[in-house]
Amino acid sequence: MSKAKELAGLIRRAERVMVFTGAGISTESGIPDFRSPGGVWSKMKPIYFQDFVSDRDARREAWTRVFNKSAGWVGAQPNAGHHAIAELVRQGKVSAVVTQNVDNLHQESGVPDYKVIEIHGNASYAKCLQCGMRYELEELRAPWEADEEIICVNCTGLIKTATISFGQSMPEVEMERATAEAEACDMCIVLGSSLVVYPAAGIPVMAKRAGAKLVIINREPTDMDSYAHMVLNVEIGAFLDEVMKEL
């Protein structure tokens, strides 16, 4: 039996699948990852949350990266992997997509907002750090071009992209939702995550401990492979295409 047919069978028999995605699914859309040679952090240093809050120059650099698209996190198109997940959501098989990615590609592939749990935030819009008001990035271009402080019209708090920066607290609501999904699912499919960044990487472990079958699909081996029911070191999009044909 082919691996695609085997995974299709597991999905067919599952009642509630949680998908957990990392950078590896989006590199197939041309989005750079963070840590590999040639990745984002090999080209530019991350700006820590405390520096963003306390240092105007750090804020200016952060916004310059946003408007120059230096990190390359937005603007790509969903690939076959994203579309396969969206189809599984439509079929009612996948209850939630927990993602470490900030690129909005799950939503753009057709997964409803309320089904996507973004534990590292989203780079496609911004929020006030004080009152939480949402801003589209283009609304903020004019003050950036004028070298003005980018602050909230509602409460004058600092505005920052809706990503979770180094040193910033994890989003409580999203982590609670991800934990609840991990404990409720009977299958967890990890797609394109090296499973080394915590606390995010603990979520698939929670699912496994709660009795779910764990499947890991990633180009490279991970430290959690020994816990998995199935491990595949393949290109995600092409493989999920095969799986969907077997369903």
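**Stop 1: the second largest pocket**

Start at the second largest pocket of this predicted model. Its volume is about 520 Å³.

Now colour by element. β3, β4, β6 (159-163) and α9 (172-184) each give two or more residues to the lining of this pocket. Which of them gives the most? Select β4: with 6 residues, β4 gives the most to the lining. Next, colour the lining by residue type.

**Stop 2: I119**

Select I119, in the loop between β3 (116-118) and β4 (121-128). Is I119 buried or exposed? I119 is buried, because its relative accessible area is 0%, and buried means under 20%.

Show what touches I119, leaving aside neighbours within four places in sequence. The contacts include F20, V98, I164, M170, A200 and I203. For a distance check, pick I25. I119 and I25 are 94 residues apart in sequence and 16 Å apart in space, C-alpha to C-alpha.

**Stop 3: helix α6**

Move to α6, residues 80-90. Begin with N79, which caps the N-terminal end of α6. A side-chain oxygen of N79 lies 2.8 Å from the backbone nitrogen of G81.

Then walk along the helix. Buried residues here are G81, H82, A84, I85, A86, L88 and V89. An α-helix has 3.6 residues a turn, so residues three or four places apart point the same way.

Finish on G92, which follows α6. The phi of G92 is positive, near 85°.

Methods. Residues numbered from 1 in each chain as written. Predicted model: local features only at pLDDT ≥ 70, side-chain atom pairs only at ≥ 80, totals over all residues. Heavy atoms only, no water. Helix = DSSP H or I, 4+ residues; strand = E, 2+ residues; numbered from the N terminus. Buried < 20%, exposed > 50% of the residue type's maximum accessible area, 1.4 Å probe, protein only. Contact = heavy atoms within 4.5 Å. 1 Å grid on protein atoms, 1.4 Å probe; cavity = no way out; pocket = protein on both sides within 12 Å on 5 of 7 lines; lining within 4 Å. Points joined across faces, edges and corners; volume = space filled by probe spheres on them. Polar contact = N/O pair within 3.5 Å; in protein donor to acceptor, adjacent residues only side chain to side chain.
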